[in-house]
Amino acid sequence: LIGSAGNLVEWYDFYVYSHGDAANQNSSISIAAQSGSSYGPETTVNGASYTQSTWQEGVQYVLIENVSVVTGTVTITVSPSASTYAILNGIQIVRRP
């Protein structure tokens, strides 16, 4: 894909791990690319299921797929949801083929 400015567009998936150690310590995650595209918000679970040993999308982490990046900055915003804490445990960024 070629962007309007002639730059190569690349696509990424963002795995954002975002939950505290209490049931209500979930967060809301949004992504904004410098190109003007925005994604989300996506929210982790508010409830006791976050303690499961098998990690699940929407419980301990969110997946924001197909983020288009031409050039510049990608901003990840983590906001409080059920509590007053904005929790960010980790991020994985995967380039799509």
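This report looks at the overall build of the chain and then at one glycine.

## Ground rules

What you have here is a predicted model, where local features need pLDDT of at least 70, side-chain atom pairs count only at pLDDT 80 or more, and totals for chains, interfaces and linings use all residues. Residues are numbered from 1 along each chain as its sequence is written, and side-chain values use heavy atoms, with hydrogens and water left out.

## The chain as a whole

The protein chain has six strands and zero helices. These are DSSP runs numbered from the N terminus: E for strands (at least two residues), H or I for helices (at least four). Read from the N terminus, the order is β-β-β-β-β-β. The C-alpha trace spans about 50 × 25 × 15 Å along its principal axes.

Of the 97 residues in the protein chain, 34% are buried, meaning under 20% relative accessible area with a 1.4 Å probe, protein chains only. The accessible surface of the chain is about 5,600 Å² (Shrake-Rupley method, 1.4 Å probe), and carbon and sulfur atoms own 48% of that surface.

As for contacts (heavy atoms within 4.5 Å), take those between residues at least 6 apart in sequence: 69% of them join residues at least 24 apart.

## A closer look at Gly20

Gly20 sits in the loop between strand 1 (10-17) and strand 2 (27-33). Gly20 counts as buried because its relative accessibility is 14%.

Setting aside neighbours within four places in sequence, Gly20 is in contact with Gln25, Tyr50 and Ile87. Leu88 lies 68 residues from Gly20 along the chain, and the C-alpha atoms of the two are 8.4 Å apart.

Terms used. Buried means under 20% relative accessible area, exposed over 50%, partly exposed in between (1.4 Å probe, protein chains only).
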